[in-house]
Each structure stands twice: as structure tokens, then as C-alpha cells.
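Please read them with the structure open.

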Amino acid sequence: MTNQNVIVQEMGMAVAAAVANSYPCLPPRSCGATAAVAAASAGAGGSAMSIKKRLLSSLELSGTGSRVNAWVESMKASSPTHAKASAIDDLNTSWIRKHPSALTKFEQIVSASMGKQIVMFLDYDGTLSPIVDDPDSAFMSESMRAAVRDVASYFPTAIVSGRCRDKVYDFVKLTELYYAGSHGMDIKGPAKTPKHKKSKGSKAPNHQPASEFLPMIEEVYRRLVETTKSTPGAKVENNKFCASVHFRCVDEKYWSDLADKVKSVIKEYPMLRITQGRKVLEIRPTIKWDKGKALEFLLESLGFADCSDVLPVYIGDDRTDEDAFKVLRDRGQGIGILVTKNPKETKASYSLKEPAEVMDFLTRLVDWKRLTLNDEPIV
């Protein structure tokens, strides 16, 4: 038995133990079966992350309320404090080989862009700004703002965020960018005609595919505020076309209860769905629209819908960014970069550890472009 399989099996048993503690209503054989799944997967060469995904999927099928518990367990599992150091070290080594640093592989990335127009897509929280306890205090640094401004001077650049578009604009404060708020359900382009547009006939990039849901989201937001106010640390954010319930300042012992409260409200709205992010539950319309659709819409708006001479680059840190990574992978065209310090299942090709590395990457990209154009630095 390899060392990796030993680690994976240990992780499987740890998850089974967590199941036993978190799901006392399940019979003992269910927890035993969970451990068996992990052991069998390890024997078959399954990765620890794929095992975790299968375990959480099985939990969703185990009875009333299990889906809520699966969300909570997944949020706990994504926290570094819930993983063994030895397992993290082992996973980091294999994961980074599959998703190398975009800084280490910078030359490879710019080589892929030769003869093509780079189009930049950037998430906000956790990508351009650090994750903070209070979402209203997620300010980006002036140096990051300068880096984004420089990038936008050479490449079409869009901010694609789960935040309300107006709110993310208030954080970024750059008029030359495209903004796609509410997970891409509220899109607006620059006031001035963008210089990077491929064709003059391309449509104006203003789009709100979920506008009919505005009254419903407002009503749900008010109900969630009322329902969750008894949970210490809970915060509900109105992001116009979606609502977000933040768990970051809530003690873990209240997570399941808070998730139950959210579900009790949303079950009365069949046209809404709940998705999970980093210590947040998002309430969104059930329409087929996400950050991946927003990326496609913006490429079309710029005149690059069916072009081979474009290279979309998307940088993000959350599960919701996976929709955009998937679009790039399915297109076979573009580069996805995941911002994370810990191994995660992802469709991104490259990785960066934190916003500081994102800024380094953006700065290097601008320096490279200036060099290729023989351009003077912007002052």
C-alpha cells in the first residue's frame, strides 16, 4: 500500500468520524459505509478531493435535511484547520503539479497569447481584495487598483463578482472596466466606447437576464434578515439579483442551524436555488445564467464570440468561478487561474496563492505587453 493511499484512507476515516458526530440520526452502518467508500476509492486510486466530493454527494441522499448538512460539512472541510498537516503536504505536491503557479509558468502563458487579444476577467473578493470578516470592508489596495488600471489600458478587462454591480464598482472605482455583478446577472460596460472592441457592430454590453426576479429577491432578503437575526454573527447581504448569507463570523456550532433557517425560507420559493461559496450560501434565480455565461456574453459583446485570435484569462477564487473555468475548458481556448492556498477540485489550469500574487501576475503581464510594444510605462 502506498503512502498516498494510507493518507487517503486516514482522511476517509476522519470524514466518517465527522459524519458520525454530525449525523447522529444515521444508523452506524451508514457511517461504516462512508468509511468503506473512502477506503475503496483509495484502493482504486481516487484522489482525496474526489473522495470528499463523492462522500458529500452520498450525504445529500441520506434523508431529510442532509443537503443542508452537506453544505455545512463542505464548508468545514474547506477550512485548513480541518485537515491533517501531513495530508495537506502530500496533496499540495501532487495538486501543484496539475495546477502550477501562473507566476512560475508565466512565459508559457504569454507564449500562448502570441498573435491573440488577451481579455481579462477578474473576480473581486479573494482575488483583488483579501477575504475579510465584514464584507462591507473588503477594500482593495491602491497598488492593486493601479495594477488593474494598467491591465485595462492594454486589455479589455471585466470584474465578474457575486456582489451587487454598484457595490463592486464602489470598491474598484475604475470607469474603464466592464462590470458583471450578481454572478454575472447584471452587466454593464464602460461609458466610453472601448478601444479594444473588435468590431463596431458588436452589441452594447448591458444585460440583466434576471430582472423579473428583483421583487422576489428583495422579499427573500427581508425574510432572511428577520429569520437569521437570532444567530450571532450571521450577515445577510442584498446583491440585487441574489442574496448572500455569510457564515464567516458565525461560530461553527451554529452553522447547521443557520443553514436550516436559510432553507426554511427558500423552500417557499421554487424559482430560487441555494449555492455554496466560501463560508456563504447564495440565493439565486434558477435561470441558466452564471459567471461562465457572463464571460461568453462579454466576449460576444467585444466581437470575439467565434474568434480564434482571442485568449480569455479568468482569475477567481470561489466555487462560482468554476462555471467560468468550465467554459474556458470546454471552448479549448483560454486560461483559468484559481486563487487558493489549499488544494481544491478545479477546472482551472493554473493557480495563484493570494491577492498579492494576483497583483504580481497582473504587473508582470503589463510589463511584458509594454516590452512587446516598446511602450513607455504609464505615469
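1. In helix H13, the buried residues are Pro355, Glu357, Val358, Met359, Phe361, Leu362, Leu365, Val366, Trp368, Lys369 and Arg370. The model is a predicted one, and this list should be read as a property of that prediction. The buried residues of H13 pack against helix H6 (106–112), S1, H7, S9, strand S10 (335–339) and strand S11 (350–352).

2. H13 itself covers residues 355–373, 19 residues in total. From first C-alpha to last, H13 reaches 27 Å, close to the 27 Å expected at 1.5 Å a residue. Asn374 follows H13 and has a positive phi, near 60 degrees.

3. Strand S1, one of the partners of H13 in packing, runs over residues 117–122. S1 is mostly covered, with five of its six residues buried. On pairing, S1 makes six bridges with strand S9 (residues 310–316), in the parallel sense. Within that pair, Val119 stands opposite Pro312 of S9.

4. S1 also pairs with strand S2 (residues 157–160), again in the parallel sense, over three bridges. Two positions to look at are Leu122, whose bridge partner in S2 is Ile159, and Met120, which stands opposite Thr157 in S2.

5. S2 is covered on both faces. Thr157 and Ile159 lie on one side, Ala158 and Val160 on the other, and all of these are buried. S2 pairs with strand S3 (residues 178–181) in the parallel sense over three bridges, and Ala158 stands opposite Tyr178 in S3. Together with helix H8 (residues 165–172), S2 and S3 make a right-handed β-α-β unit.

6. Asp125 sits in the loop between S1 and H7. Its side chain is joined to the side chain of Arg163 by a polar contact of 2.8 Å. Leaving out residues up to four places away in sequence, Asp125 touches Ile131, Ala138, Ser161, Arg163 and Asp317. Helix H9 (residues 214–228) has 15 residues and reaches 21 Å from its first C-alpha to its last, close to the 21 Å expected at 1.5 Å a residue. Which residues of H9 are buried? They are Ile217, Val220, Leu224 and Thr228. Seen down the axis of H9, these buried residues fall within an arc of 65 degrees, so they line one face of the helix.

7. The buried residues of H9 have packing partners among both strands and helices: strand S5 (235–238), strand S6 (243–246), helix H10 (255–266), strand S7 (272–277) and strand S8 (280–285).

8. Glu219 is also in helix H9. Is Glu219 buried or partly exposed? With a relative accessible area of 37%, Glu219 is partly exposed, because the buried class ends under 20% and the exposed class begins over 50%. The side chain of Glu219 makes a polar contact of 2.5 Å with the side chain of Tyr269.

9. Ser101 lies in the loop between helix H5 (85–98) and H6. Its relative accessibility is 15%, so Ser101 counts as buried. A polar atom of the Ser101 side chain lies 3.1 Å from the backbone nitrogen of Leu103. Not counting residues up to four places away in sequence, Ser101 touches Ile96, Tyr350, Ser351 and Leu352.

10. For the chain as a whole, the model has 13 helices and 11 strands. Of its 379 residues, 50% count as buried. Among contacts between residues at least 6 apart in sequence, 64% join residues at least 24 apart.

Key. Residues are numbered from 1 along each chain as its sequence is written. This is a predicted model: local features need pLDDT of at least 70, side-chain atom pairs count only at pLDDT 80 or more; totals for chains, interfaces and linings use all residues. Side-chain values use heavy atoms; hydrogens and water are left out. Buried means under 20% relative accessible area, exposed over 50%, partly exposed in between (1.4 Å probe, protein chains only). Helices (H or I, at least four residues) and strands (E, at least two) are DSSP runs, numbered from the N terminus. Two strands pair if DSSP finds at least two bridges between them. The expected span of a helix is 1.5 Å times one less than its number of residues. The arc is that of the directions from the helix axis to the C-beta atoms. Contact means heavy atoms within 4.5 Å. A polar contact is a pair of N or O atoms within 3.5 Å; within protein, one must be able to donate a hydrogen and the other to accept it, and residues adjacent in sequence count only if both atoms are side-chain atoms. A crossover is right-handed if, with the strands pointing away from the viewer, the path from the first strand over the helix to the second runs clockwise.
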